[in-house]
Amino acid sequence: MSDFLYHLSSASKASSNFVIHPPPSGLSYMPFQEAAIEYALTSNNSCIYFGDEPGLGKTIQVLGYMNATCPSRTLIVAPASLLYNWQAECEKWLTYQSSIEVFSRSLQFRQKDFRIGLVSYSLLSNFDFM
């Protein structure tokens, strides 16, 4: 196994005692999710990629990072079939009040001011940012 793959493999099994913004009452992060959030918060990288296996809570890691940083604006790009799942997870896991907009039309996306926006890959690829 290459050193790079070994590092990724061992990092995905990490745990952490780093104090992060707590999850909503009644919910908790898994130790490896805490480690991923810690990494995102302390990394000097401008781009973070959560690459855990399906079903291990990458969505929760992103929302944990958002809980810790309270960004003023977030755009989440996902497959169309997962947009409403993302909306439900945002409503469940975010610890701060925020409106969550699911965009279904390009015109709606262009004209909307949002705090958290959810958009499909296909809609985003049709959008002209210039």
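Mentor: The model is predicted, so local features need pLDDT of at least 70 and side-chain atom pairs count only at pLDDT 80 or more, while totals for chains, interfaces and linings use all residues. Residues are numbered from 1 along each chain as its sequence is written, and side-chain values use heavy atoms, with hydrogens and water left out.

Trainee: What makes up the protein chain in terms of helices and strands?

Mentor: There are six helices and three strands, arranged along the sequence as α-α-α-β-α-β-α-β-α; these are DSSP runs, with helices (H or I) of at least four residues and strands (E) of at least two, numbered from the N terminus.

Trainee: Why are α2 and α3 called oblique to each other?

Mentor: The axes of helix α2 (residues 31–42) and α3 are 9 Å apart, at an angle of about 50°. Angles under 35 degrees count as roughly parallel, over 145 as roughly antiparallel, 65 to 115 as roughly perpendicular and the rest as oblique, and α2 and α3 are therefore oblique.

Trainee: Which residues of α2 and α3 meet?

Mentor: On the α2 side they are F32, Q33, A36, I37, A40 and L41, and on the α3 side I60, Q61, G64, Y65, A68 and T69, where contact means heavy atoms within 4.5 Å. By class, eight of these residues are nonpolar, four are polar and none is charged, with Ala, Val, Leu, Ile, Met, Phe, Trp, Tyr, Cys and Pro taken as nonpolar, Asp, Glu, Lys and Arg as charged, and the others, Gly among them, as polar.

Trainee: What makes α3 oblique to α4?

Mentor: The axes of α3 (residues 58–69) and α4 (residues 83–93) come within 10 Å and cross at roughly 45°, which makes α3 oblique to α4. The contact joins T59, I60, V62, L63 and N67 of α3 to W86, E89, C90 and W93 of α4, and comprises six nonpolar, two polar and one charged residues.

Trainee: Why does C70 count as partly exposed?

Mentor: C70 lies in the loop between α3 and β1 (74–78). Buried means under 20% relative accessible area and exposed over 50%, with partly exposed in between (1.4 Å probe, protein chains only); C70 has 36% relative accessibility and therefore counts as partly exposed.

Trainee: What is the phi of C70?

Mentor: C70 has a positive phi of about 45°, although it is not a glycine. Most residues other than glycine have a negative phi.

Terms used. Axes are lines fitted to C-alpha atoms, for helices over the stretch in contact, and angles run from 0 to 180 degrees between N-to-C directions.
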